[in-house]
Amino acid sequence: MANSLLDNIENSLYGFTYTTSSETERLARIEQSVYGHEKSGAVQERLNALKNDMAADLIGQEITPKEDTFAEDEDKIVHEKLPPAGANVDYPSINELEKQVFKKEFKNKDLDSRLASLEKQSLGQTFDNDPFATRVDRLQAKIKPKSFMDNNIAQSSNDYYDDAVIPLDKNYKLDEYHGSEFDYESYNAKKSSPANLASVEKSIFKRSFASENTQNRISRLESTMFGTTFPSDNEQTRINRISSAYKATKSAGRYDSNKFSQNMATAMQIGTMILMILACVL
């Protein structure tokens, strides 16, 4: 029971547990962090005090918050919906696409089936997870129906204008549909890749232990960086933990190296203000 309580508190305070330390050592370390000094008295009394002061028995049982605690059901985003199957809907763009591809219209079918048939025939696959408008635009860019290119449909939304709409050029062409050219998955994977063990070893020990097995190298780094090891965790988790701590240390070092520049900039600003005041007085 005591070890379980200590595990909860250590995970909350440090993000890991000191399972290789004795119970009294762990308790003393936690008291230093919580109270600023080690307490005296029986171990159970000290544990009870921590339990009451930190509600340690409730750590890890917190309720996961909703995305928006104050949002009502009606506040949720309304997604685009297609008419129900079998609905008789006149959709001019799809009519024209069907006439171009199949030489006839299928107004008696639901829009989703009509879109899927057009995509299979023209693109070789369907895009069921894409928004309705995106699927229509992709088909128009691929098929380029004559009436659309003549601007009979493209400008139909402008019919309420008093002046006649100027037709688009007869040679007007839509750009081919392309997905995102930026590979976000590769970028994120690169940004989140763990630091190389050899780099961390060279930074901490001024040498690499590449000839040793990975487990020994990980344990040596954990003992130096955290004061303990995590043999029960899998290898990748241990490497990721070392990497996170190493990168955090490097970031802190870069921040400290900028302090001189920050202080100099502040001094220059103060000096400028003093000169301006003197100029006004004199």
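This short talk walks through one predicted model, from the whole chain down to single residues.

Some ground rules. Because the model is predicted, local features need pLDDT of at least 70 and side-chain atom pairs count only at pLDDT 80 or more, while totals for chains, interfaces and linings use all residues. Residues are numbered from 1 along each chain as its sequence is written, and side-chain values use heavy atoms, without hydrogens or water.

Start with the overall picture. The protein has twelve helices and zero strands. Helices here are DSSP runs of H or I, at least four residues, and strands are runs of E, at least two, numbered from the N terminus. So what is the order of elements? From the N terminus on, the elements read α-α-α-α-α-α-α-α-α-α-α-α.

Now the surface. The protein exposes about 20000 Å², and carbon and sulfur atoms supply 51% of that area (Shrake-Rupley method, 1.4 Å probe). Of the 282 residues, 24% are buried. Buried means under 20% relative accessible area, exposed means over 50%, and partly exposed lies in between, with a 1.4 Å probe and protein chains only.

Next, a helix pair. Which helices? Take α4, residues 92–102, and α6, residues 132–143. Their axes come within 11 Å and cross at roughly 35°. Axes are lines fitted to C-alpha atoms over the stretch in contact, with angles from 0 to 180 degrees between N-to-C directions. From α4, the contact uses Ser93, Ile94, Leu97, Gln100 and Val101. From α6 come Phe132, Val136, Leu139, Gln140 and Ile143. Contact means heavy atoms within 4.5 Å. The residues of this contact divide into seven nonpolar, three polar and no charged. Nonpolar covers Ala, Val, Leu, Ile, Met, Phe, Trp, Tyr, Cys and Pro; charged covers Asp, Glu, Lys and Arg; the others, Gly among them, are polar.

On to Arg46, in helix α3, residues 43–54. Is Arg46 buried or exposed? Arg46 has a relative accessible area of 9%, so it counts as buried. Leaving aside neighbours within four places in sequence, its contacts are Leu27, Ala28, Glu31, Glu38, Lys39, Ser40 and Gly41. The Arg46 side chain also reaches the backbone oxygen of Lys39 at 3.4 Å.

Last, Ser22. Where is Ser22? Ser22 sits in the loop between α1 (2–14) and α2 (23–35). Its relative accessible area is 32%, so Ser22 is partly exposed. The side chain of Ser22 makes a polar contact with the side chain of Thr24, at 3.3 Å. A polar contact is a pair of N or O atoms within 3.5 Å; within protein, one must be able to donate a hydrogen and the other to accept it, and residues adjacent in sequence count only if both atoms are side-chain atoms.
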